[in-house]
Amino acid sequence: MITQEVAWNIITRTITPLPVSPHPLNRCLHHILAEAVKADRDVPAADRSAMDGFAVRGDDITKPATELKIVGEVPAGSDAAPSVGPGECVLIYTGANLPPDTDTIVRVENTTPAEDASITVIEPIKKGADRFRKGENASKGDTLIPAGTQLTPAHIGICAQTGCAKPVVHKHPAISILVTGEELKTAGEKVELHQIRDSNGPTLQAMLKANHFKANSSTIVNDDLKTTSTAISALLDTSDFIIITGGVSVGTYDYVPDAIKKAGGTVKFHGVAMQPGKPQLFAEFPGNKFVFGLPGNPLSVMTGFHEFILPALKILSGMPVDKCHESLELPLKNEANSKGRRKYYALGRLIQGTDGYLIEPIKRKGSADLITAGKADGVFAIPLGTKHLDPGSIVKFTPWVTERRTHVNQPSPTL
Ligand code: AMP
Ligand code: MG
């Protein structure tokens, strides 16, 4: 059986990023930029006022109680450029261009009105005060956002500011979820004693959404080779990536591996030395399309999603491979134990210690224990071959949630 590291290597060698194209700015948030965004002009494009007040010649106001004559007005958005001689000033507003020969803004509150459309500047002001210099933030042609960046709201603003109405970004993958299991009903349906409700479909949809991806559909199918293979083929018509849960192991009713082959897929790996999630399966289909099979237990699904599927989706979306695994290196609050036979993913909670964040291990009752997962913030890995980690050991913690406050006062059993 291959290790998690080898499995990840196979994924990185198999998946290539989806095509790029110009997207309207309002559809670019969270997409990966494929072409750098450069400044179309200096930022700011001209010397600007940072305050409401008076634009003056700095050399005029080196002494207290200087009187200056108001010779004009420049509101924001005005192209007026009145000439200002010695002893003169112009009424100016935040964001307006400084008139030629002025270099300093005197705030309104540092002046008093004087006779004859004049003002008195109460105190001397440092030359250049409250002025934004042309090009002080960026020069024309500077790279403002490098290619490979995942666009945040600030980046969207930068694109708008520099006139990039259609940034060139990678396409986001079209994703479908296929849930397998004879025993499954939906949350709204009545269940008999031999049945359970599908939690994997909704969890997967939510995990995708929490990470700025979207599932186009989540379908439940029975444990049947033909039904599963037909469903895979149909979903491939509209998907770049299919996530399957359940039926991926080697039991009599585990039809997913054969269904993938029947639908034309090439299995790249099946089985990873990790717990939970050993029977994970990754398959490639023609046309840069992929299917990932996860065992049905809810914690196998959540672990496999964060360990492989989310990073794989990030590669597809154009994110540089070394940025696709999000983890934090933090010390353990308490000891943690594993059998050491596989890489063990233990649930953990991020807590604030006196010297920074710590990971508090949380004990779970097997890989079906979704209830305990609800008390965790993510997982940390106990490496293959390691049976014990002392308190203070540095672990790689993969956050599953960004909202951590809910757990603050709950006690947690040690691992
Ligand atoms: P399987 O991988 O199909 O052998 O399923 C492993 C375990 O996960 C079984 O106990 C299943 O009942 C359970 N399971 C499978 N699919 C789901 C699902 N969609 N939601 C919750 N539990 C599931
Ligand atoms: Mg099953």
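This is a predicted model: local features need pLDDT of at least 70, side-chain atom pairs count only at pLDDT 80 or more; totals for chains, interfaces and linings use all residues.
View 1. Proline 44 is found in the loop between β2 (37-38) and β3 (48-49).

**View 2. A positive phi angle at alanine 65.** Although alanine 65 is not a glycine, its phi is positive, at about 55 degrees. The residue has its place in the loop between β4 (53-56) and β5 (66-74).

**View 3. Polar atom pairs between ligand 1 and the protein.** An oxygen atom of ligand 1 is 2.6 Å from an N or O atom in the side chain of glutamate 183. A nitrogen atom of ligand 1 is 3.0 Å from a polar backbone atom of serine 199, and a nitrogen atom of the ligand is 3.3 Å from an N or O atom in the side chain of asparagine 200. Taken alone, ligand 1 exposes 490 Å², and 75% of that is buried by the protein.

**View 4. The open sheet that contains β13.** Six strands make up this open sheet in the order β16-β13-β17-β21-β20-β18, and their pairing is mixed. At the edges are β16 (215-221) and β18 (266-270), each of which pairs on one side only. Ignoring direction, neighbouring strands of this sheet are turned against each other by 15 degrees on average. Within the sheet, strand β20 (residues 281-285) and strand β21 (residues 289-294) run antiparallel and are joined by five bridges; for phenylalanine 282, the bridge partner in β21 is phenylalanine 292.

**View 5. Helices packed on the sheet of View 5, with strand β20 as a point of reference.** Strands β20 and β21, which run antiparallel, are both touched by helix α1 (residues 4-14), which packs on the sheet and also touches β18. The direction of helix α1 makes about 155 degrees with that of β18. Helix α4 (residues 225-236) packs on the sheet as well, touching β13, β16, β17 (241-245), β20 and β21, and the direction of helix α4 makes about 170 degrees with that of β13.

**View 6. The open sheet that contains β4 and β5.** This open sheet is built from six strands in the order β7-β4-β6-β5-β9-β8, with mixed pairing. Its edge strands are β7 (104-107) and β8 (111-114), each pairing on one side only, while neighbouring strands are turned by 40 degrees against each other on average, with direction ignored. Strand β8 runs antiparallel to strand β9 (residues 118-121), and four bridges join the two. In β9, threonine 120 is the bridge partner of threonine 112.

Methods
Residues are numbered from 1 along each chain as its sequence is written. Chains are lettered from A and ligands numbered from 1 in the order in which they are written. Side-chain values use heavy atoms; hydrogens and water are left out. A polar contact is a pair of N or O atoms within 3.5 Å; within protein, one must be able to donate a hydrogen and the other to accept it, and residues adjacent in sequence count only if both atoms are side-chain atoms. Accessible areas come from the Shrake-Rupley method with a 1.4 Å probe; for residues, only the protein chains shown count as cover. Two strands pair if DSSP finds at least two bridges between them. Axes are lines fitted to C-alpha atoms, for helices over the stretch in contact, and angles run from 0 to 180 degrees between N-to-C directions. Contact means heavy atoms within 4.5 Å.
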